Amino acid sequence: MPITEVPAHLRTAVDAAKEKVAALHAELPRWELVVWTAGNVSERVANPEGDDLLVIKPSGLSYDDITPEAMVVCDLDGNLVEGDRAPSSDTAAHAYVYQHMPEVGGVVHTHSTYATAWAARGEEIPCVLTMMADEFGGPVPVGPFAIIGDDSIGRGIVETLQGSRSKAVLMQNHGPFTIGSDAKAAVKAAVLCEEVARAVHVSRQLGEPLPIPQEHVDSLYDRYQNVYGQR
């Protein structure tokens with residue numbers, strides 16, 4: 001049976017996700033990843049007793065108007081479960097990712113300038129920076145062209161990222177989508193995706209960037225994912 005309201009046992013988790021997702025949306029303009037009302041952040045709400053839910057911003061909502069109360073809740077078919085606004089037009093893509101990548105807890109979409117410029121060329125960002133090896137474990141790949149509105153974009157994201165270490169994909173002619181263990185990790189990946197897109201673009205104006213040998217990519221990725229930071 002489809003979920004028509006937030007189950008009582010998920011109320012606390014959903015409210016916490018609304019707070020988190022609303023706050024994380026502020027990071028997108030802060031890092032200059034979006035303009036106007038473009039872009040979105042979502043987070044999965046795991047349901048140990050049944051189907052998971054997701055929290056995302058409404059379609060076309062100004063970043064100045066984003067509050068926890070304004071966030072909407074959908075099921076993983078993209079159907080509205082809670083909220084008085086229409087969900088983001090990217091909701092079907094987010095939902096498809098959650099359905100088919102159970103390890104993913106957060107999804108972000110932006111139209112950040114440099115990453116989108118690579119997407120417009122249909123060209124992956126080559127792994128020529130240690131930051132890329134650290135965060136993405138290799139190049140940032142390109143996903144297929146897909147029309148917004150159904151799960152076509154989600155299918156392209158999943159097909160491109162399943163089996164990949166990258167947390168980002170450049171959907172051709174569209175822009176970057178990033179994933180993470182939660183929404184904060186996906187936002188971090190979006191910030192770093194734009195940074196490496198910019199740096200590699202600038203590097204190519206000066207000459208051909210030098211690739212990092214695969215064995216060093218592997219060791220850098222392992223160190224950053226398993227040793228770096230506070231454990």
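Which residues have the most contacts inside the largest nonpolar core? In this predicted model, they are L28, V41, L53 and M71.

## The nonpolar cores

The largest nonpolar core holds 28 residues. Two or more of its residues come from each of α1 (11-25), β1, β2 and α7 (183-206). In soluble globular proteins, nonpolar side chains tend to be buried together.

Leaving out residues up to four places away in sequence, L28 touches L33, V34, N40, V41, Y63, V108, T110 and V187.

## The whole chain

The protein chain contains 8 helices and 8 strands. Its C-alpha trace spans about 55 × 35 × 30 Å along the principal axes. A compact globule of 231 residues would have a radius of gyration near 17 Å, and the chain has 17 Å, so the two agree.

Of the 231 residues, 51% are buried. The chain exposes about 11000 Å², and carbon and sulfur atoms supply 52% of that area. Among contacts between residues at least 6 apart in sequence, 65% join residues at least 24 apart.

## The sheet

The 8 strands of the open sheet follow the order β4-β3-β2-β1-β5-β8-β7-β6, and their pairing is mixed. At the edges are β4 (80-82) and β6 (142-143), each of which pairs on one side only. Strands of a sheet pair through backbone hydrogen bonds, either parallel or antiparallel.

The pair formed by β3 (residues 72-75) and β4 runs antiparallel and is joined by 2 bridges. C74 stands opposite L80 in β4.

## A residue in a loop

Where does D52 lie? D52 is in the loop between β1 (40-45) and β2 (53-56). Is D52 buried or exposed? D52 counts as buried because its relative accessible area is 18%, and the cut-off for buried is under 20%.

The side chain of D52 takes part in a polar contact of 2.9 Å with the side chain of R44. A polar atom of the D52 side chain also lies 2.7 Å from the backbone nitrogen of N47. Setting aside neighbours within four places in sequence, the residues in contact with D52 are R44, V45, A46, N47, D75 and L76. D75 belongs to the residue range of β3.

Notes
Residues numbered from 1 in each chain as written. Predicted model: local features only at pLDDT ≥ 70, side-chain atom pairs only at ≥ 80, totals over all residues. Heavy atoms only, no water. Helix = DSSP H or I, 4+ residues; strand = E, 2+ residues; numbered from the N terminus. Buried < 20%, exposed > 50% of the residue type's maximum accessible area, 1.4 Å probe, protein only. Polar contact = N/O pair within 3.5 Å; in protein donor to acceptor, adjacent residues only side chain to side chain. Contact = heavy atoms within 4.5 Å. Core = buried A, V, L, I, M, F, W, Y, C linked by side-chain atoms within 4.5 Å. Rg over C-alpha atoms; globule rule 2.2 N^0.38 Å. Areas by Shrake-Rupley, 256 points an atom, 1.4 Å probe, with all protein chains shown as cover. Pairing = 2+ DSSP bridges.
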